[in-house]
Each structure stands twice: as C-alpha cells, then as structure tokens.
Amino acid sequence: MMLTAISGGVLLPIPIKVVPRVSERVRVLLAIPRTTPNTHMVEEVLCEARVVRHQPMENDEVVGVALQFQAPLTLGIEV
C-alpha cells in the first residue's frame with residue numbers, strides 16, 4: 001500500500017467500505033522498512049490519530065484518508 005507520511009500525519013488509501021468518519025480517532029500501526037548494507041528489518045510504530053479529511057482517489061474502491069497523529073512522530077524516513 002502506498003502512503004504519504006510526514007511527522008504530523010499520513011495520507012493513505014482505505015477501502016471505501018471501511019472508511020472511518022472525519023473526527024474519528026483511530027489506532028495506526030505503521031511498518032517502516034529499515035535497510036542497511038547487511039540487514040533488512042521492519043520497524044513497527046503504533047500511534048493514535050484523528051481522521052481530518054477524506055480525499056477522492058483515482059480508484060473508485062478506495063478513499064484517501066488524512067490522519068493527524070496525536071503527537072508528532074520521529075519516523076526517520078529518508079527521501
């Protein structure tokens with residue numbers, strides 16, 4: 001699944017049948033790949049977030065859902 005992440009929140013596609021309501025609080029488990037020359041692991045980050053908006057997507061079966069983290073996360077993602 002493709003998502004857009006920043007320290008304050010994420011925008012991710014969610015199947016239209018299970019989209020949470022705006023203002024609803026949700027628990028989010030992010031699996032962040034971490035790779036070094038000799039290893040590959042996945043770091044899991046569990047956090048609380050609030051749904052701030054819905055966004056139409058090109059695929060009619062999913063809706064973009066913007067989530068704001070309860071507290072900013074230090075994700076350490078390199079771009």
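Read along the sequence, the chain of this predicted model follows the pattern β-β-β-β-β. Five strands and zero helices are present, where helices (H or I, at least four residues) and strands (E, at least two) are DSSP runs numbered from the N terminus. Residues are numbered from 1 along each chain as its sequence is written, and side-chain values use heavy atoms, with hydrogens and water left out. Because the model is predicted, local features need pLDDT of at least 70 and side-chain atom pairs count only at pLDDT 80 or more, whereas totals for chains, interfaces and linings use all residues.

The predictor's confidence in each residue is expressed as pLDDT, from 0 to 100. The chain has a mean pLDDT of 84, and 82% of its residues reach 70 or more. Confidence is lowest in strand β1 (residues 4-6), at a mean of 66, and highest in β5, at 93. Where pLDDT is low, the predicted coordinates should not be read in detail.

Strands β3 (residues 25-35) and β4 (residues 40-56) run antiparallel and are joined by eleven bridges; two strands pair if DSSP finds at least two bridges between them. A hairpin of four residues connects β3 to β4. Pro33 has Val42, in β4, as its bridge partner.

Of the 79 residues in the chain, 27% are buried, that is, under 20% relative accessible area, with exposed meaning over 50% and partly exposed in between (1.4 Å probe, protein chains only). The largest nonpolar core has 15 residues, such a core being a set of buried Ala, Val, Leu, Ile, Met, Phe, Trp, Tyr and Cys residues joined through side-chain atoms within 4.5 Å. Val26, Val28, Leu30, Ala49, Val65, Leu67 and Phe69 have the most contacts inside this core. At least two of its residues come from each of β2 (9-15), β3, β4 and β5 (62-69).

Val26 lies in strand β3 and counts as buried because its relative accessible area is 17%. Although Val26 and Ala49 are 23 residues apart in sequence, their C-alpha atoms are 5.4 Å apart in space. Contacts (heavy atoms within 4.5 Å) of Val26, not counting residues up to four places away in sequence, are made with Pro20, Cys47, Glu48, Ala49, Val51 and Leu67. With the same exclusion, Leu67 touches residues including Gly8, Val10, Leu12, Val28 and Val52.

Among contacts between residues at least 6 apart in sequence, 53% join residues at least 24 apart.
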